[in-house]
Amino acid sequence: MTSAGGASTLDDFDSSKLFCGATHTHCGPSISYDRTGPGQLYDISKEADVMTPQQYILLLYERFGAGIVRAWQGRKPAGMSWALGHAVVGYNRRLSYADGSAIMGFDTARPDFSHVEGYEDHAVEMLFFWDADQKPTGMLLNVACPSQVGRKAISADFWHPIRQGIKAKHGPDIHVFAQCAAAGDQCPAAIVRGKAERLMTRRRNISWKQELANRVIRAVDDVWPWAKADVQTRVVFAHRTIKIDVPNKNSYNEARWMPSTVPVELHVLRLGDVAVATNPFELFLDYGIQIKGRSKAVLTFISQLTCDHHGYLPTRRAVSGGDYSAVNHTVGPKGGRVLVDESVKAINSLWPPEK
Ligand SMILES: [Zn+2]
C-alpha cells in the first residue's frame, strides 16, 4: 500500500482487500466541489472558516491512512462473537396511493393513501471483538437505515449518541464501527405515527436522535450476555473482491449513447458463521433481504454505498410507483437481480457445497 506522499508503508497489506462504506449522513463534510461551489446546493464559497472539499479530502485520506496502518500493525490474537438484536431505526419512506403511484414522503393524510410501499428491517446485526483476556475491544453494529436525522451541524448523526451510550457502559476505549445495510428506501423518521412519536420524544425530553440511539443501545444490552458467552478464537476466514458489470437501466432500450453496464466492486467475507457482502448502491431494502434470505451464512451483513456510489437501485415495484429515488437511478431492477445473484453466489462459495 502506498501513502499519499508516495512512501510505501505497508508492504504486506493487499490493498485490493480494503473497503470503505458510508453511513450516509446528511451532516458530514462535503467532498464534492460541484455541490459546494458558488450558487450550488451547499454553497460554502463565502464561508472563510469552512474547509474546502479539497482540503477535507486530504485530511480524510491522512486520517484513514493512519488508521489503517495502526490497525494492520496492531493486529493481535483476539476473539469474535456475533449477535442478533432488534431496534426500530429505519422506516420505509415511500408511500403508495390508490392509483398505484408512490411518493417519497410523509403524506399519510391523503384520502387515497393505500399503503407503505415496502418492507422495513428492524434487525440490529452485531459483531463483537474481544482481546486475549476476553475484554471487549469493539463492536460492529449494522442497521438498515442511513443516519440522516440532522442537517445543520457536522456530526456522525445518530451514531454519535450510540457511541456515547456504548462507551458510557463499556469504557471510553471501546470502538463502535457503524455499518448501513441495504436501505435505499429507508429513513430514520417515523411516518405513519409521526405525531405520536414526536410527542413521546417530547415527553421523554430527549432528541429524536437520542431516542433512536437508545433503541440501538438497548438492543446491544439485550444480547450482551450471550455475545460475551460465545467468543470464538478460531474462526473460518475468507475474503473475496469481485468486479462485475451490472446492466444499467437503459441496457435493453434504444439509448445507445449510455454505457450499457456499470462496473462495480463487491466484497464478500466469511467470519465464522457470519457473511459480509458490500455493494456501491443506495440499495432498496428488498435486495438486501433477498441476499440475506439466500445466503448460507447464519447471519449476513450487507454494507451499501461501499467502494464507490452508483446512486439508488430501486425495485420494480418502486419504479412502477415512480417519484424520487425510483426515477433518478442508473441501475434498475434488472441490474438489481444480477447484483443479488452475484452476491449470493460469492457468499455461498465461501461455504462448503451441500452434500
Ligand atoms: Zn442523501
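Reader: Which strand is β7 joined to, and by how many bridges?
Author: Strand β7 (residues 136-143) is joined to β8 by 6 bridges, and the two run parallel. One example is V143, whose bridge partner in β8 is C180. Two strands pair if DSSP finds at least two bridges between them. Helices (H or I, at least four residues) and strands (E, at least two) are DSSP runs, numbered from the N terminus.

Reader: Thanks! Before we go on, where does this model come from, and how are residues numbered?
Author: This is a predicted model: local features need pLDDT of at least 70, side-chain atom pairs count only at pLDDT 80 or more, and totals for chains, interfaces and linings use all residues. Residues are numbered from 1 along each chain as its sequence is written.

Reader: Back to the strands, then. What is the strand order in the open sheet?
Author: The order is β1-β6-β7-β8, an open sheet of 4 strands with mixed pairing. At the edges stand β1 (79-86) and β8 (175-180), each with a single partner strand, so one side of each has no neighbour in the sheet. From one strand to the next, the twist averages 20°.

Reader: Which helix lies across β1, β6 and β7?
Author: Helix α5 (residues 208-228) lies across them, running at about 130° to β1. Axes here are lines fitted to C-alpha atoms, for helices over the stretch in contact, and angles run from 0 to 180 degrees between N-to-C directions. Two residues are in contact if their C-beta atoms, placed from the backbone, lie within 7 Å.

Reader: I clicked on K228. Where is that?
Author: K228 is in helix α5. K228 and S81 are 147 residues apart in sequence, but their C-alpha atoms are 7.4 Å apart in space.

Reader: And why does K228 count as partly exposed?
Author: Because K228 has 14 C-beta neighbours inside 10 Å. A residue is buried if 20 or more other C-beta atoms lie within 10 Å of its own, exposed if 12 or fewer, and partly exposed in between, with C-beta atoms placed from the backbone.

Reader: New topic: how many residues of helix α4 are buried?
Author: The count is 0 among its 11 residues, so to speak a hardly covered helix (residues 194-204). After α4 comes N205, whose phi is positive, near 60°.

Reader: Which residues are buried in α6, and what covers them?
Author: In α6 (residues 285-294), the buried ones are L285, D286, Y287, G288, I291 and K292. Their cover includes β12 (274-278), β14 (299-303) and α8 (333-348).

Reader: Let's zoom out. What domains is the chain divided into?
Author: There is domain 1 (31-72), domain 2 (79-228) and domain 3 (237-348). Those bounds come from an automatic or database domain assignment.

Reader: How many residues touch between domain 2 and domain 3?
Author: 26 residues of domain 2 are in contact with 31 residues of domain 3. On the domain 2 side, the residues divide into 13 nonpolar, 8 polar and 5 charged. Here Ala, Val, Leu, Ile, Met, Phe, Trp, Tyr, Cys and Pro count as nonpolar, Asp, Glu, Lys and Arg as charged, and the others, Gly among them, as polar. The C-alpha centres of these two domains lie 22 Å apart.

Reader: Last one: how many helices and strands are in the protein chain?
Author: The protein chain has 8 helices and 15 strands. Buried residues make up 35% of its 355 residues.
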